[in-house]
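Here are a few friendly comments to read with the structure open beside you. Take the points one by one and find each element as it comes up.

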Amino acid sequence: MPDSVIKVENLSKRYRLGTAQGYKTFREAIVKAAKIPLRSFKKSNPQSTYGSAELVAGCDSQSDNIWALRDVSFEVGQGEVVGIIGRNGAGKSTLLKILSKITEPTDGRVELRGRVGSLLEVGTGFHPELTGHENIYLYGAILGMDRWEVTGKFDEIVAFAELEKFIDAPVKRYSSGMYMRLAFAVAAHLETEILLVDEVLAVGDLDFQKKCLGKMDIVSKEGRTVLFVSHNMGAIRNLCDNAILLFSGGIKNQGNVDEVISGYEDYETSKNGSIWVNDNLDEKNEIAFLKKIELLNQDFKITNTFSSSESILIKFTLVVKESNDHLKLGFDLIKNGDIIFRSQQVDSPQMIKTLQIGTHSVFCEIPAYLLNSGIHYIRPLLSIHLQKLLIKDSIPVLKFRVVLDSSKSDFHFVLNENNHPGFIFPYLNWKLE
């Protein structure tokens, strides 16, 4: 491994659950100060009959605590681009906040060699009352850069963000997309040795997402180190050589990016079989959410094994709480980590209409004699077109196998995904004249 620029040892972060406490009175502060010697005695006396839970961040019981990170250790070498993946709540953002010195760890240590630039949320480090011009210098100062360093990159930053006309307007008047473009441009162009990027690219349009990913690729080739948190497995595969999978605050797997992602996809799908039920409460608070997805054969029976000669039905149970003309439902069909195709309901003329409030069963049929043999994955998509992703944890949730049907040809029974390459195996008509 190249010289380590990020070294994390036994990193842990504990939060207390419950409501925030209000301001204390002067009298309460005096009483609390008077109790400090007694607390110190309890902590130093292991035979004390008083419970130690009281000493943990002021909690009344251990059940009030949650470990966002627990004993996380890894190293990242200079110039490496490492993907951080995992479900929502796995601890990805908490890890980056600790590395950015926004929050302190409960236990463990972190060594960082070089200045750190971070893009953890849209407009991190920006002041809404200041103009885009002023915020560029403000953010540079936060990163420890002098005025001349920022001036040298200023024109390049503005051009990349495509905000020449608006750079002297207060950023509070920017749209979320404009805010994000400027924030990313500043973080990526200023001379920091380490760049931390959380899942923020989903805010921008497709062209700007490609532009950002291209810039990150250039940044890594310049010898700068990047930690990239994303639910976009395609972007992780393209940008990163290695990945770290976080699960419930700990490292479940780390190493080669393809191996880590494949293990993640297999784990997330194998436990669900041919039915996926949405348990993400955050998504259920949106204007629409997927309640369930099922895989059905042509007899409407639930299964995850299909013959190549039969069609595959995907049944989406969609709950619409507020109708929107731009609501889009769809899925990616994935094999070997690559997207075979993407389909959305607006591709069908019958479905180009506003979905009304209520619960809907939406079917999509993958026709017979299309897919090759092997394992395939379904990754659901739900969004308001060019505005907002309603499924933020965009990972495959269902897995199914296709087996070649040999009834059409005496030769088909010897074929499989190894000796008949390709993602699809359509039954085409051949004739001799």
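1. Over which residues does pLDDT stay under 50? That happens over residues 40-61, and for this stretch the model has 19 contacts beyond four places in sequence. Keep in mind that this is a predicted model, and read that part with care.

2. Now for confidence elsewhere. The protein chain averages a pLDDT of 80, and 81% of the residues score at least 70. Helix H1 (residues 26-44) has the lowest confidence, with a mean of 54, whereas strand S13 (residues 312-320) has the highest, at 95.

3. Next, look for the open sheet. It is built from six strands in the order S5-S6-S7-S3-S8-S9, and the pairing is mixed. At its edges lie strand S5 (116-119) and strand S9 (250-256), each of which pairs on one side only. On average, neighbouring strands of this sheet are turned by 15 degrees against each other, ignoring direction.

4. S5 and strand S6 (residues 194-197) run parallel and are joined by four bridges. For Val116, the bridge partner in S6 is Ile194. Helix H5 (residues 176-189) packs on the sheet here, touching both S5 and S6. The direction of H5 makes about 160 degrees with that of S5.

5. From H5, move on to helix H4 (residues 147-161). The axes of H4 and H5 come within 8 Å and cross at roughly 140 degrees. The crossing of H4 past H5 is right-handed.

6. Which residues make this contact? Lys153, Glu156, Ile157, Phe160 and Ala161 in H4 meet Arg181, Leu182, Phe184, Ala185, Val186 and His189 in H5. Sorted by type, the residues of this contact are seven nonpolar, one polar and three charged.

7. Helix H3 (residues 132-142) also pairs up with H4: their axes come within 10 Å and cross at roughly 135 degrees. H3 and H4 are therefore oblique to each other, and H3 passes H4 in a right-handed crossing. On the H3 side, His133, Ile136, Tyr137 and Gly140 take part, meeting Arg147, Val150, Thr151, Phe154, Ile157 and Val158 in H4. Here the division is six nonpolar, three polar and one charged.

Terms used. Residues numbered from 1 in each chain as written. Predicted model: local features only at pLDDT ≥ 70, side-chain atom pairs only at ≥ 80, totals over all residues. Heavy atoms only, no water. pLDDT = per-residue confidence, 0-100. Helix = DSSP H or I, 4+ residues; strand = E, 2+ residues; numbered from the N terminus. Contact = heavy atoms within 4.5 Å. Pairing = 2+ DSSP bridges. Axes fitted to C-alpha atoms, helices over the stretch in contact; angles between N-to-C directions. Left-handed = near helix turned anticlockwise from the far one by under 90°. Nonpolar A, V, L, I, M, F, W, Y, C, P; charged D, E, K, R; others polar. Parallel < 35°, antiparallel > 145°, perpendicular 65-115°, else oblique.
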